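Student: I have a structure open and I'd like to learn how to read it. Can we go through some features together?

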Amino acid sequence: MGAEIGDFDDLVRRYRRELHVYCYRMLGSFDEAEDHVQEVLLRAWRSREGFQGQSSVRTWLYRVAANACLDTLRRDARRAVPARLSEPSSAAAGAGPSVAAMPWVQPYPDSLLDEVAADQPDPEAVAVSRETISLAFLAAIQLLPPRQRAVLILRDVVSLPAAEVAEVLDTSIPAVTSALQRARATLREQWPDGRLNWAPAAEPDPGQRRLLQRFIAAHEQADPEALIAMLRDDIRLVISPQAGEWNGRRQVGDALRDGMTALGQWRVLPIQANRQPGAAGYLRRPGETAFSPFVLVVLRYENGGLAEMAAFEQPSMFAAFGLPDSL
């Protein structure tokens, strides 16, 4: 295996979370990223004797990870995104594609992203990663063909040189350059409000934290009107994996009035996911005594109001956020 790789357990500790985040960006799914990083480490272990040290350990591992993800994306027909996503509704104009028609997409806990940030001494790199882990970015790159997606992530997010990306993907530098140009053009088209060159997104300010507190209070007090008062006119509500989507203040307001208190009582805890504020909703149905995990909501604020609520009805993900089993 050679002295450059050294102890395999140390290798796992150093790169596991970084590879997990790479697989997450490629696949959009936290759970599938977990499965794939295990497969990546298994493949790496099995092929460790064949590593010649002609590239860095990190590049070698990214090659294994890229191949594992591309294999899955080639096989998985369910990831074909409907063409209508390329024409977002006027109510959500500029917001980019919705995760509503991407049932595989899941949120990513900030506490685990911090493990990657801890290995990056450059504060600018950490700030930029905030933009490229957002749900808007994640949804937009799901529309890219798999190899273009791999090139975009490796060049613009992981910041590998073109020569290393060519090595990772077993292709030529001109092919990498061409794929990157096409991927960037598609991304600009599908996500017109995305920040150019991945400029850092702003940290949550006190106003956003107050809005989150109001969001939580509205649910716990069963007050849909208090939540509706927080909405922007171009608000978008998406619920996954049921593929529900509502656009505009009137549609979303009607949906909240009809459904916010229909299932039972709420207790809500604040979370951070995809470098965005959010909430974990626990539900107590009639006749029950405990509040059980029900939904994770990732919020996007703009200009003092709620611009998007992405709700993931996936109780199994509460553990990844370090949340309690019940309240």
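Predicted model: local features only at pLDDT ≥ 70, side-chain atom pairs only at ≥ 80, totals over all residues.

Student: Which residues of H7 are buried?

Tutor: They are Gln 148, Arg 149, Ala 150, Val 151, Leu 152, Ile 153, Leu 154, Asp 156 and Val 157. H7 runs over residues 146–157 and reaches 15 Å from its first C-alpha to its last, close to the 16 Å expected. After H7 comes Ser 159, with a positive phi near 65 degrees.

Student: How do I describe two packed helices?

Tutor: You give the angle between their axes and the distance between the axes. Here, H2 (residues 30–46) and H3 (residues 57–75) pack at about 125 degrees, with their axes 9 Å apart. That angle makes H2 oblique to H3. Their crossing is right-handed.

Student: Which residues in H2 meet H3?

Tutor: His 36, Val 40, Arg 43 and Ala 44 do, and their partners in H3 include Trp 60, Leu 61 and Val 64.

Student: What about Leu 327: where is it found?

Tutor: Leu 327 is in the segment after strand S6 (305–312). Its relative accessible area is 38%, so Leu 327 counts as partly exposed. Leu 327 and Phe 291 are 36 residues apart in sequence, yet their C-alpha atoms are 5.0 Å apart in space. Leaving aside neighbours within four places in sequence, Leu 327 is in contact with Arg 267, Leu 269, Tyr 282, Ala 290 and Phe 291.

Notes. Residues numbered from 1 in each chain as written. Heavy atoms only, no water. Axes fitted to C-alpha atoms, helices over the stretch in contact; angles between N-to-C directions. Helix = DSSP H or I, 4+ residues; strand = E, 2+ residues; numbered from the N terminus. Parallel < 35°, antiparallel > 145°, perpendicular 65-115°, else oblique. Left-handed = near helix turned anticlockwise from the far one by under 90°. Contact = heavy atoms within 4.5 Å. Expected span 1.5 Å × (residues − 1). Buried < 20%, exposed > 50% of the residue type's maximum accessible area, 1.4 Å probe, protein only.
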